[in-house]
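Q: I have a structure open and want to go through parts of it. Can you help me read it?
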Amino acid sequence: MRRLRLEQTRRSEVRRPGRAPAAVAATVALALAASGCVTVHGEREVVPGATPDEAAAVLAGFVAAFNRADKANDPKLDADRVTGPFGAINQAGLRAKAVTRPDGNPDHRPLVLGDARYLLPRKAGWPRWFVADTDADRDDGTARAGDRWLVVFVRNGPDASWKAAHLAIVGKDALPALAEEEGDPVAVPADTTGLAVAPGKLSAAYAAYLKDGGAGPFAAGAHTDQWRAKRARTAQRPGLATQFIDQAAVDGDFAPLALATKDGGALVFFASRHFERQTAAAGYRPKVGADLKALMKGEVKNTVTKEWVSSQAVLVKPAGTDRDAVAFAGRLQGVVGVRGS
């Protein structure tokens, strides 16, 4: 995917819930239906945000728009289908490619998301959201074949359209058994006290951990202690001073979304922002590739600052768990801005 660094982790095998019958056989009719209205039985009634058929139409419309944009290297072609952290990454990647390859993507291969099931949490009011748990064709024939692409869609009102806010690529057995209410998954409030870390506090906790380390709630792995160690090595390169700043991202469609698991924990999707500032020694300039130059503002004299957006899927244990309470299932990160000075 365009300049997206996909980083995944696996967890031990767990039971997977049953699948809904709807699949992603995208047709023009389904694509057009993706923005159709959901029947709402009162703003205060707790109901699923979408029906399985509506969710299938949303996913089909997203895939069709994504493929058009990827083929043409044109962010306008799927701008109305994406939002939040995934939207920021997707649009920045396409903007860069529109500059470096203005005639389109010669390496385009249509994305196919099949074997879809829909996790449709019940809630009152807006925003509403759901997760499409799918199998992508991008890993066919590889060691990662069967990995699941979890696409999280949000909708902010009865007249708004559904948009993809998060994408997590996780091991095929990484999704835990979900708690259910009347046969539907259960949404977890951002301010719940029932988890080791409330979903609404995860982004700030992650930013603090990446800055200071320590024995916080995050389990060891590629996206925690190993990432901190990698950044420490980067900062020690001779002739190039590198600084990192990490920030929470919780506003609007960057807000965390969570589903309850049967063990009393939760599957949580949350976002964060990360800045990498490189300053070269006197007489030198940091190297900037073509895709980064396409996003750059200002002129590189001896400093370049890259802004990344990261979208995380984590498993959070119940309250009372002090160590290793948050384990990463997947993380997607991409550069969304570059500034030279």
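A: One term to start: buried means under 20% relative accessible area, exposed over 50%, and partly exposed in between (1.4 Å probe, protein chains only). This is a predicted model, where local features need pLDDT of at least 70, side-chain atom pairs count only at pLDDT 80 or more, and totals for chains, interfaces and linings use all residues. Residues are numbered from 1 along each chain as its sequence is written, and side-chain values use heavy atoms, with hydrogens and water left out.

Q: OK, how many residues of strand S6 are buried?
A: In S6 (residues 148-155), 8 of 8 residues are buried. Strands (E, at least two residues) and helices (H or I, at least four) are DSSP runs, numbered from the N terminus.

Q: Which residues sit on each side of S6?
A: Arg148, Leu150, Val152 and Val154 are on one side, with Trp149, Val151, Phe153 and Arg155 on the other.

Q: And in what sense does S5 pair with S6?
A: Strand S5 (residues 128-136) pairs with S6 in the antiparallel sense, over 8 bridges. Two strands pair if DSSP finds at least two bridges between them. Threonine 134 is opposite tryptophan 149 of S6.

Q: How many bridges join S6 to S7?
A: There are 7 bridges between S6 and strand S7 (residues 163-170), and the two run antiparallel. Leucine 150 faces alanine 168 in S7.

Q: Switching to helices: which residues of H2 meet H3?
A: Phe62, Phe66, Ala69 and Asp70 of H2 meet Phe86, Asn90 and Leu94 of H3. Contact means heavy atoms within 4.5 Å.
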